[in-house]
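This report looks at a protein chain from its overall dimensions down to one pair of packed helices. Please view the sequence and the structure together before reading on.

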Amino acid sequence: MTNEVAANSRLIQDSKLFIDGKYIEALSGETFETINPATNKKLASVAKGGKEDAKQAIDVAQSTYVSGVWSTMSVIERSRILCKMADLIMENVDKLAYIETLDVGKPIKESRGFDIPRAADNFRFFAEMAKYMVDEHYDMHNHMSYAQYAPAGVTSLIIPWNLPFMQMTWKASAALAAGNTVVVKPASYTPLSAVLLGEIANEAGLPPGVLNILTGPGGSVGTEMATHPSVSRISFVGESTTGKTVMRNAAENLTPVSLELGGKSANIIFADADLEEAVAGSIDAIYRNQGEICLAGSRILVQESIYDQFLDQFVAAVKKIKVGDPLDEATDMGALVSSGHLEAVDDYVQLGLAEGAKLAYGGKMVAEMEAGNFYEPTILYDVDNKMRVAQEEIFGPVPVVIPFKTEEEAIQIANNSIYGLAGVVWTNDLRRGQRVSSLVDAGLLWVNCWYVRDLRTPFGGSKASGIGREGGRHSFDFYTEAKTITIKK
């Protein structure tokens, strides 16, 4: 990012609701503050939407859907508009990355180098894929049947605070490409980048009312988005307890849900692994985004014969992580999202020590940056998988290191969790990599890598990590309504 952009405080503006193609105040006139996690100072005032604002946005989305201005538009034209949105995201990558970094606390090199470009990729991928989705045709003796995939209607998207712009576009681009109208609620901690998608939509020529963005508390806005009878699909990303609430609310109207929830993923390192590669990959898998990522390899399972060697190399590598100003290009780890979350992460570290875990490194707030929510990259080791720190999602830069003897024990430990989102296997034995991956109860497994995503593949978890899959064809399956039509010849 240029110094001019970084120094331009005018990029941070007070934020309004985006409904029917216009930015408007909340009906109540109320606002709330969004805070810079690196300084705990106010960034901007944000419109505090409520139940009536949510109703208004959903009614607009419903009338826009029924009008057919988007749902019956040719897929070629829809694709053109969505690809233009992707282009505009990249034209504004510096601005979006700057705002994302200030609002979330994450390093600018992650916002600019991954999050915002991936957001553009999301739009371009689903826009292009929509052009090549085909209906299914089946011939019988005197009849022909075909399956038609129609837009589902109004789609509610409820987005978390850890990767706000990227997660929003992951959902919205697929729903829009399928022909739906969309209502989005970003997390109250991190609303600023999400609201800017309205400007991009208008400039790209997206018809008013197709995309609507609401800021406000989940208890009012989110509940209305999950219970309103005009909503046809609900996609939620967040922690598992809230996901259960969304599902209960959706049951009122039997609205289909897609839930991407928490994780406590096993990162399994066998003795035959490339240790240098495994250490580097494990660092990335737990300290990227300050550990505030559902896919984090937060349980590091290490075979006993290399346990001490791994710990030595892992600690040495963690000591090189630079915690600092998120706008500094050299920063590896920024600030946690809020002071409350900072305290919660530290509480887990103290709990782990009380449970009998040992501290290899870190374990406290960064003293010289006490004005912000900075926590040292931390390592708890000699952890028993039964400990709460091994079973509960910390959602911070705190891995737990657990020894194991055999492949069978590693699989047993990995599966002894309420979560089933992801997992990693480090080994130079390809058969072992395939075997273990097939036996770990999780929706995504990586072998000798982490967080490599082909957008054509299904994404989602099992058990307390969620319901449903999105990505590629699976997204279109969720955001459309299948209809079978049979014709007599």
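## Handedness of a helix crossing

A crossing is called left-handed if the near helix is turned anticlockwise from the far one by less than a right angle, and right-handed if it is turned clockwise. In this predicted model, the crossing of helix 3 and helix 6 is right-handed.

## Overall form

The protein chain contains 16 helices and 22 strands. Its radius of gyration is 23 Å, close to the 23 Å that the globule rule gives for 489 residues, so the chain is as compact as a globular protein of that length. Taken along the principal axes, the box filled by the C-alpha atoms of the protein chain is roughly 70 × 65 × 40 Å.

## Annotated domain

An unreviewed UniProt entry carries the annotation "domain: Aldehyde dehydrogenase", which covers residues 27-485.

## Packing of helix 3 and helix 6

Helix 3 (residues 75-91) and helix 6 (residues 164-177) have axes that come within 10 Å and cross at roughly 165°. Because angles over 145 degrees count as roughly antiparallel, helix 3 is roughly antiparallel to helix 6.

On the side of helix 3, the residues that meet helix 6 are Arg78, Leu82 and Ile89, and their counterparts in helix 6 are Phe165, Ser173, Leu176 and Ala177. By class, this contact of helix 3 with helix 6 comprises 5 nonpolar, 1 polar and 1 charged residues.

How values were computed: Residues numbered from 1 in each chain as written. Predicted model: local features only at pLDDT ≥ 70, side-chain atom pairs only at ≥ 80, totals over all residues. Heavy atoms only, no water. UniProt positions renumbered as here; feature names shortened; annotations may be inferred. Axes fitted to C-alpha atoms, helices over the stretch in contact; angles between N-to-C directions. Helix = DSSP H or I, 4+ residues; strand = E, 2+ residues; numbered from the N terminus. Parallel < 35°, antiparallel > 145°, perpendicular 65-115°, else oblique. Contact = heavy atoms within 4.5 Å. Nonpolar A, V, L, I, M, F, W, Y, C, P; charged D, E, K, R; others polar. Rg over C-alpha atoms; globule rule 2.2 N^0.38 Å.
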